[in-house]
Amino acid sequence: MSTTTHRHDDGLHLARAGEVDGAGDRRGSRRPVSPRSAGVRLAVTTAVLVGALIALSPLVSGTGAPSTAVWWPAAGAALALAVRRPSRRWWCVAGTLAGSALSLRALGVDAPATAVLASAQALQCAVGASVTALLTGGRPVRMRTTRDAWHLAAGAGAGVAAASVLVHSTPESGGVLAYAPAQLLGVLLVAPLLLPAGAPRAVDRRTRAARTEWAAAMAVSAAVAVALFWRLDAGPWSFLVVVPVLWGAARLGLGRALTCLLVVAVVATTGTGTGLGPYAGFPLHARAGVLQALLFTCGAVTMVMSLVVRARERAVVEAGRREELFRRTFDDALLGVALLRLRADGTAVVARVNDRLASMLGHDVPVGSDWSQQVHDEQREAFTAAVHGMVEQVRAGQSAHWHAEVQHGDGDVWLELAASAWPTSREDGRDGEVAAVVQVADVTQRRLVQRRLREAALHDALTGLANRTLLEDRLRLALGAAGRSGRQVALLYCDLDDFKPVNDTGGHAAGDHVLIGVAQRLSSAVRPGDTVARIGGDEFAVVCPDLPDPSAAEAVAERIVAAMAEPFPVAGWSFPVGISVGLSIAQRGADAQRVLQEADAAMYEAKSAKGEPGGRGGRVRTGGRRVVDLRTAEREGR
């Protein structure tokens, strides 16, 4: 005997292919059923069901011939089985033909009439199922929507019409006017019971109350039908059977409501057939027609009402699920979220906020308040204008979005807002307010990091002074302003003297301490509008904009030299450090690079003059002019 190896997480085991369990079923998956075997089973099932319903026809419809019955349940059963399996409908047709022929002969119908009626039943099933499959695109029919009901009705109508032609061609088999209504009514009463209608309501699955209500509805339907159709005196009360049926349609669903109607149909048919009920006074040939009209009305109303009610129930359940999903998404969002009602005057009324937003802002946002109150005063006008713009875009039929970063409250917190607006409608169909959802993210830390990065890119890390990039930018701005105002701009290029002994004696830490002290003294010596920058190493520069004349720049240079007169104390040492200054007065129309070059060259000339007799440091060289020893000039009274 062959064996098959199966791998599991805990190792390998062997299972014999022919091994069976105690109940005699083979272990493992089922063998796939071949299409032919499935078709044969469906044909046998159809034949048995159709044959049984035909055999019971004398009890439920008063006759065993479809041409004289009030309603013919076998027609609904055959069509229902065929549309449930559209790809195997021809097996249902074969089963319908066989079941109809055998049952009709068993009821005593002669052979010619049996052949015609059985063929008509098979033709009716074939045409009805084919038309329904064409309308549904080959999908099985499920009685969930009114569209499904219309597809089934169209197929049933086409099938009955085709079968009626065959019946009409054989006079001894009965008339079309008697045959067609019975077939359509049989489809209406029986077919929906055999078609899946989707999952019932949750309450139907969980409680006994729904089953109790169904039993009560069937009992009331039977009682009303007996009271109306099994009595000797006639009366105009036959329409009262609609009441319990509609109760079932509204409360129990299509299948259970139709079972109530089926009970009514059986009771009414048997009672009318024996000459009882409200139609007892009608001529014999008219009784069936009036009863069929009543049952048609009840069946159509029941089906439409039940489907509409269930559709509304599903819509309510779906709306509840969507609302719950939205609520969970809204409340559990990682971002702050607010729902707003936008108005044309720029007001944004708060409708709802999540906990994340309240935590982000540090306080609750009252419902009904104006969201613009959460925006900093300096940006509130821009926010109001954005709200007005979104309202105008929505009113114009356009999509409205807005994205910006704004300050909140006192300006310590920065918020990034992403708003999307859409129109709403009132119950009377008129346009309502414009709604908007705003997603909010706290970008304060990002702003701080950006500011620090900008400062790091434009400032010296050690001294905090401007670096060369920011110096050149300020110099260009000053030159541009001077071209318009006619004032002068000066650049002081400074280099420390005797700075190397500081590093040699105290190390780089002492040198850094001295550079920080130099930066502080330079900042104190210049004017408030001047820019002090560290170019690199022990080189500094000062931009002096808006000068009335060159003497004002020389005055700044004098203060710088004077600021360096005192030694720098560091960890018990005292380091005398001088400074050499190159001064460049920008000519009209000069560019920043040229001014920098002139000041740099002047500084080196001042630096080289240090070796001349007269001491160390404290020299200023003006571009294109002689070297000036400011200490000597000060003693001479300059």
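These are my notebook entries on a predicted model of a protein chain.

**Ground rules**

I number residues from 1 along each chain as its sequence is written. Because this is a predicted model, local features need pLDDT of at least 70 and side-chain atom pairs count only at pLDDT 80 or more, while totals for chains, interfaces and linings use all residues; side-chain values use heavy atoms, with hydrogens and water left out.

**Entry 1: the whole chain**

I started with the secondary structure and found 19 helices and 15 strands. Both are DSSP runs numbered from the N terminus: helices are H or I with at least four residues, strands are E with at least two.

Next I looked up burial. Of the 638 residues in the protein chain, 42% are buried. Buried means under 20% relative accessible area, exposed means over 50%, and partly exposed lies in between (1.4 Å probe, protein chains only).

Then I turned to contacts, meaning heavy atoms within 4.5 Å. Taking contacts between residues at least 6 apart in sequence, I found that 63% join residues at least 24 apart.

**Entry 2: helix 8**

Does the span of helix 8 agree or disagree with what its 21 residues should give? Helix 8 covers residues 209-229, and at 1.5 Å a residue it should span 30 Å; its end C-alpha atoms are 30 Å apart, so the two agree. The expected span is 1.5 Å times one less than the number of residues.

I then listed the buried residues of helix 8: Ala210, Glu213, Ala217, Ser221, Ala225, Leu228 and Phe229. They cover an arc of only 110° around the axis, so they are on the same side of helix 8. The arc is that of the directions from the helix axis to the C-beta atoms. A handy reminder: an α-helix has 3.6 residues a turn, so residues three or four places apart point the same way. On the other side of helix 8, I found Ala209 and Thr212 exposed.

**Entry 3: aromatic rings**

How many aromatic pairs does the structure hold? I found five. Rings of Phe, Tyr and Trp (its six-membered ring) pair if their centres lie within 6.5 Å; planes under 30 degrees apart count as stacked, over 60 as edge-to-face and the rest as tilted.

Tyr279 and Phe282 make an edge-to-face pair, 5.6 Å centre to centre with 90° between the planes. Tyr279 is buried at 6% relative accessible area, whereas Phe282 is partly exposed at 36%.

**Entry 4: cysteines**

I looked for disulfides, pairs of cysteine sulfur atoms within 2.5 Å, and found zero. Cys544 is in no disulfide, and the nearest cysteine sulfur, that of Cys494, is 9.1 Å away. Cys544 is buried, with 0% relative accessible area.

**Entry 5: two single residues**

Thr96 lies in helix 3 (residues 89-106) and is buried at 1% relative accessibility. Leaving out residues up to four places away in sequence, Thr96 touches Thr46, Val50, Ala78, Gln121, Ala122 and Cys125.

Asp473 lies in helix 15 (residues 468-485) and is partly exposed at 33% relative accessible area. Asp473 and Ala592 are 119 residues apart in sequence and 8.6 Å apart in space, C-alpha to C-alpha.
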